[in-house]
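Open the model in your viewer and get ready to click through it stop by stop. Each stop says what to select and what you will find there.

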Amino acid sequence: MTGIKVQGEKRMVLIAGRAHHELAEQVAEELGIELLPTSAYDFANGEIYVRFEESIRGCDVFVLQAHPYPINKWLMEQLIMIDSAKRASAKRITIVSPFYPYARQDKKHRGREPISARLVSDLYKTAGADRLMSVDLHTAQIQGFFDGPVDHLMAIPLLADYVRSRVNVDEVTVVSPDTGRVRVAEQWAERLGGAPLAFVHKSRDITVPNQAVAKQVVGQIEGRTCVLIDDMIDTGGTIAGAVNVLKQAGARDVIIAATHAVFSDPAARRLAESGAREVIVTNSLPVPPEKRFPNLTVLSIAPLLARAIHEVFDDGSVTSLFDGVAH
């Protein structure tokens with residue numbers, strides 16, 4: 001017989017960046033493990049230092065990092081952690097980025113523009129990542145940017161099941177904020193018992209960031225409870241404008257549901273004053289106390305991440321988390 005056979009079991013470790021330690025601790029608790037002890041700090045000039053306090057040689061390593069503001073700092077910290085894990089002889093490195101950095105820059109709108117979402121994937125791969133895990137990517141094509149397995153997790157079951165508990169599904173219309181998310185709206189409608197669909201027509205000046213104008217709504221919404229869905233809320237201007245359009249068109253109630261609460265100023269104020277009955281988001285990004293408001297609900301994606309991590313470690317099926325439908 002050639003080679004050497006080694007007896008032993010696989011070992012998994014979960015490494016957390018500093019951007020959203022609460023989520024990392026929740027995921028670790030769901031997995032029944034502790035986070036890997038890690039030293040991380042900034043030098044005076046902003047450089048980041050990372051060192052793991054235990055050996056990870058031969059381990060299946062999951063590097064969890066959220067990407068709130070300042071996103072570039074937390075992305076760089078994650079890249080440094082990947083490099084550190086690679087140089088510490090980790091067997092396999094999986095990136096867990098619930099909110100994928102630069103996801104909105106997934107194509108060129110005009111000449112001489114970057115495709116920054118692809119650049120981030122290249123950075124992950126070059127740093128040493130073998131696998132990527134994310135939640136509700138801005139567009140599904142981002143999966144093709146990373147040269148390796150990609151687990152695209154969906155928060156729709158979590159959000160939709162909560163919404164079901166808050167509404168009469170017979171009176172619900174699912175509203176897409178634009179034509180680009182109609183496919184996602186169809187998945188929502190299926191979860192809500194075949195609810196009718198509508199979408200808001202909006203215009204955007206591609207030379208102006210964070211600004212789109214909601215103009216009119218197409219679909220059956222008069223006298224109905226509208227569930228306005230999106231993947232992220234940044235400054236809140238577009239989604240607040242959509243609520244106004246729906247109300248003017250006769251919607252009885254509006255509930256906003258989005259996965260990623262970016263909440264750049266003045267999002268919290270706009271959402272609180274938008275007239276929406278409830279704003280439902282996940283904790284894929286931290287929502288500090290100053291950005292919370294009375295009608296905000298934050299649901300934890302820790303169980304979803306933990307189950308996906310467990311399936312990957314056990315060489316199981318991540319697709320099985322979504323009722324057997326591949327995404």
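Predicted model: local features only at pLDDT ≥ 70, side-chain atom pairs only at ≥ 80, totals over all residues.

Start with α2 (71–87) and α3 (116–127). Their axes come within 8 Å and cross at roughly 25°, which is why the two helices count as roughly parallel to each other. That label goes to angles under 35 degrees, while over 145 is roughly antiparallel, 65 to 115 roughly perpendicular and the rest oblique. The axes here are lines fitted to C-alpha atoms, for helices over the stretch in contact, and the angles run from 0 to 180 degrees between N-to-C directions. Helices (H or I, at least four residues) and strands (E, at least two) are DSSP runs, numbered from the N terminus.

Residues are numbered from 1 along each chain as its sequence is written, and side-chain values use heavy atoms, with hydrogens and water left out.

Now show side chains where the pair touches, contact meaning heavy atoms within 4.5 Å. From α2, pick Leu75, Gln78, Leu79, Ile82, Asp83 and Lys86; they meet Val120, Leu123, Tyr124, Thr126 and Ala127 of α3. This contact divides into 7 nonpolar, 2 polar and 2 charged residues. In this count Ala, Val, Leu, Ile, Met, Phe, Trp, Tyr, Cys and Pro are nonpolar, Asp, Glu, Lys and Arg are charged, and the others, Gly among them, are polar.

**Next stop: α1 and α8**

Select α1 (21–31) together with α8 (residues 302–313). These two pack at an angle of about 55°, with axes 8 Å apart, and are therefore oblique to each other. Their crossing is right-handed; that is the clockwise case, whereas a crossing is left-handed if the near helix is turned anticlockwise from the far one by less than a right angle. Leu23, Gln26, Val27, Glu30 and Leu31 on the α1 side meet Ala302, Pro303, Leu305, Ala306, Ile309 and His310 on the α8 side. By class, you get 8 nonpolar, 2 polar and 1 charged residues there.

Stay on α8 for a moment. How far apart are its end C-alpha atoms? They are 16 Å apart, which agrees with the 16 Å that its 12 residues should span at 1.5 Å a residue. The expected span is 1.5 Å times one less than the number of residues. Color Ala302, Leu304, Leu305, Ala306, Ala308, Ile309, Val312 and Phe313: these α8 residues are buried. Buried means under 20% relative accessible area, exposed over 50% and partly exposed in between (1.4 Å probe, protein chains only). Among the elements covering them are α1, β1 (12–16), β4 (60–64) and β5 (92–97). Just after α8, Asp315 takes a positive phi of about 55°.

**Then α4 and α5**

Jump to α4 (residues 156–164) and α5 (residues 182–191), which pack at about 45° with their axes 10 Å apart. That makes α4 oblique to α5, and the crossing is right-handed. Look for Trp188 in α5, one of the residues on that side of the contact, along with Val184, Gln187 and Arg191. The contact has 7 nonpolar, 1 polar and 3 charged residues.

Most residues other than glycine have a negative phi, and most peptide bonds are trans. So where should you look for something else?

- Tyr102, in the loop between β5 and α3, has a positive phi of about 65° although it is not a glycine. Tyr102 is partly exposed, at 28% relative accessible area.
- Asp136 sits in the loop between β6 and β7, with a positive phi of about 45°. Is Asp136 buried or exposed? At 9% relative accessibility, Asp136 counts as buried.
- Pro266 is in the loop between β12 (253–261) and α7 (267–272). The bond from Asp265 to Pro266 is cis too, with omega near 5°.

**Last stop: α6**

Finish on α6 (residues 237–248), whose 12 residues reach 17 Å from first C-alpha to last, close to the expected 16 Å. Its buried residues are Ile239, Ala240, Ala242, Val243, Val245 and Leu246. After α6 comes Gly250, with a positive phi near 105°.
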